Amino acid sequence: MEPLAAKYIGAGLACIGMGATAIGVANVFGQFLVGALRNPSAAGGERNTLFLGFALAEAFGIFSLLIALLLLFVL
Amino acid sequence: MVANPIEQFEIHPIFRIANIAGHEIYFTNSGAYMLAAVVLTAALMLGPTAARRLVPSRMQSVAELSYEFITNMIRSAAGEHGLKFFPLVFSLFMFVLFANIVGLVPYTFSVTSQIVITAALALLVFFTVIIHGFWQHGLHFLKLFAPSGVPILILPMIVIIEILSFFARPISHSVRLFANILAGHITLKLVAGFVVAIGSLGAFGWLAATLPLVFTVALFALELLVAFLQAYVFAILTCIYLNDSLHPSH
């Protein structure tokens, strides 16, 4: 197999991580909604935690996107 | 053709400062935008608050709000004792926030998209935690690695995991900020490149190019959110790490 082909396959494989992150981020917001609809009065105070969780979960998808971009454009 | 999305991260020298031990020291565009972030922060914090009005003007309340925002963040994540680190956390937050936002202006350079900058900031926090922890608690700081209430049989394994995760912190702390900004800018440039590439196809291209154009605007809004959110996450993780050096025995 040519090295260039392996590079593109690797970049594609790295993007699987972004799919997993989509599940994670959806979980963060989904669970927040479940909790918020059960106890709407407590929901407002947890909005900072929500965005912290979102940013922490999203970061891992960004890591895999970074690997894909590095493979495509830098290496 | 689509422009090279990596080009925007290149560092260009602006003028030469000195030659120290055979190394050429330049003032680069990176340094210029770091300076811009510092100047903007100083202008926001010093300018409107100079009058010290009891009923604040609009810009003064922005400065006061950001001050209160960080105070509350430190208080909730690191407790009252954490407030002595307010200057560190506040300057980190404001620097990262302004560097992110200045970098979003078209044709500018994003300082936080360079791993060397974010790694330096993360290592600053890392060594502050270690030095303050040992200075304040002596060898009791090492209790950080041995959580209380763990059965003695699995304690060695827990200690190894805790030590590893402690030393992985500066890596994840710096890469999170750097990768978010880098990937965001590359995505923006790629999608904006589609507008040009599709638009050059003629009348039908003009019509079809509206789709990536709308997407670019939406992405830009997301990037504004990310610019603030990553500064917030960087600051709150700093607070959480500092909490370990303030209260090492969980």
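Modeller: Helix H5 of chain B has 45 residues, and the distance from its first C-alpha to its last is 63 Å. That is close to the 66 Å expected at 1.5 Å a residue, where the expected span is 1.5 Å times one less than the number of residues. Helices here are DSSP runs of H or I with at least four residues, strands are runs of E with at least two, and both are numbered from the N terminus.

This is a predicted model, in which local features need pLDDT of at least 70 and side-chain atom pairs count only at pLDDT 80 or more, while totals for chains, interfaces and linings use all residues. Residues are numbered from 1 along each chain as its sequence is written, and chains are lettered from A and ligands numbered from 1 in the order in which they are written.

H5(B) has a kink of about 40° at B:Ala168, shortly before the proline B:Pro170. The bend at a residue is the angle between axes fitted to the seven residues ending there and the seven starting there. Another residue of helix H5 of chain B is B:Ile161. B:Ile161 counts as exposed because it has 12 C-beta neighbours inside 10 Å. The scale is this: a residue is buried if 20 or more other C-beta atoms lie within 10 Å of its own, exposed if 12 or fewer, and partly exposed in between, with C-beta atoms placed from the backbone. From the C-alpha atom of B:Ile161 to that of B:Ile25, 136 residues apart along the chain, the separation is 41 Å.

In total, 13 residues of chain B are in contact with 12 residues of chain A; contact means that the C-beta atoms of two residues, placed from the backbone, lie within 7 Å. On the chain B side, two elements give two or more residues: helix H5 (155-199) and helix H7 (210-246). H5(B) provides the largest share of that side, seven residues. Sorted by class, the chain B side has 10 nonpolar, two polar and one charged residues. In this sorting, Ala, Val, Leu, Ile, Met, Phe, Trp, Tyr, Cys and Pro count as nonpolar, Asp, Glu, Lys and Arg as charged, and the others, Gly among them, as polar.

H4(A) has 28 residues and reaches 38 Å from its first C-alpha to its last, close to the 40 Å expected at 1.5 Å a residue. Its buried residues include A:Ala55, A:Glu58, A:Gly61, A:Phe63 and A:Leu69.

B:Val89 touches B:Ile70, B:Ile74, B:Ala235, B:Thr238 and B:Cys239, leaving aside residues up to four places away in sequence. B:Cys239 is in helix H7 of chain B and counts as buried because it has 23 C-beta neighbours inside 10 Å. With the same exclusion of residues up to four places away, the partners of B:Cys239 include B:Met73, B:Ala77 and B:Gly82.

As for the rest of chain B, there are seven helices and two strands, in the order β-β-α-α-α-α-α-α-α along the sequence. Buried residues make up 28% of its 250 residues.

Finally, confidence. The mean pLDDT of chain B is 87, and 98% of its residues reach 70 or more; pLDDT is the predictor's confidence in each residue, from 0 to 100. Within chain B, the lowest mean, 79, belongs to strand E1 (residues 13-20), and the highest, 93, to H3(B). In chain A, confidence is lowest in helix H4 (residues 47-74), at a mean of 83. The model scores ipTM 0.73 and pTM 0.85.
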